[in-house]
Amino acid sequence: MSDARSTDGDGFSAFEGDLRKAERKVAGEIDPGGRAVVVAVAVLAAILAMILPHTGSANGIDVLTFAADSTAERVTITSRVFIYLLVIFGIGFSMLALVTRRWVIAWVALCGSAVGCVAGMLAWWSRNTPGVDGIAPPHGVGVGLVLGWFALLVITFHWARVVWARTNYQLALEEGRRREATEAEDRARALQRRASQARVTDAPADDAEPTDRLGD
């Protein structure tokens, strides 16, 4: 009988382990819902911004590849940093997060895009401000820079909402796990107390059996 109970307990433990793994997997995933469409459109806008003029005759690809047009337009380091962050996090990690639905990747996309928003603002400012030597840029802000910056703002906002909602869900799951662990520990202690009481109650009856048999 005890072997059967032990087998059932081992089977339940294995089943509980599978449930825990499935729960952790779900906790590590995101469900952006309708925001996925908005982020996808913003990513497409960011890709379009790369082929539109960033400033003057230099587009985003020219800035990314250090082409001659970007040198002629006196593109500053702020514009290059913005373009790299836009490509890596706004486009690359955002697409990867949409495909894999992994919370960690969405978090990386959010952090990189947030930094990119600041870099975009500085890139915009640099196109309207003379340099250290007092020479003003040949041209101002291009449509590609504007579109890319606004696209990155949209991406950052929606990833922040998705990641924040998933963080709250993970905290709720952890609280539920702690509550279940406490309840399971209380049940185990109660069973141990009952087993101890049962052994104490049965002990005198077992000792009395030889006396009864001698009397007979």
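Residues are numbered from 1 along each chain as its sequence is written, and side-chain values use heavy atoms, with hydrogens and water left out. Because the model is predicted, local features need pLDDT of at least 70 and side-chain atom pairs count only at pLDDT 80 or more, while totals for chains, interfaces and linings use all residues.

Next, select residues 77-100, helix α5, together with residues 103-126, helix α6: their axes come within 8 Å and cross at roughly 155°. The axes are lines fitted to C-alpha atoms over the stretch in contact, with angles running from 0 to 180 degrees between N-to-C directions. That crossing makes α5 roughly antiparallel to α6 (an angle over 145 degrees).

Now select Ile-30, Phe-82, Leu-86, Ala-106 and Trp-159, the residues with the most contacts inside the largest nonpolar core, which has 34 residues. Such a core is a set of buried (under 20% relative accessible area, 1.4 Å probe, protein chains only) Ala, Val, Leu, Ile, Met, Phe, Trp, Tyr and Cys residues joined through side-chain atoms within 4.5 Å.

Finish at Ala-165, in helix α7 (residues 143-215). The C-alpha atoms of Ala-165 and Ile-30 are separated by 9.0 Å, although these residues lie 135 residues apart along the chain.

Key: Helix = DSSP H or I, 4+ residues; strand = E, 2+ residues; numbered from the N terminus. Parallel < 35°, antiparallel > 145°, perpendicular 65-115°, else oblique. Buried < 20%, exposed > 50% of the residue type's maximum accessible area, 1.4 Å probe, protein only.
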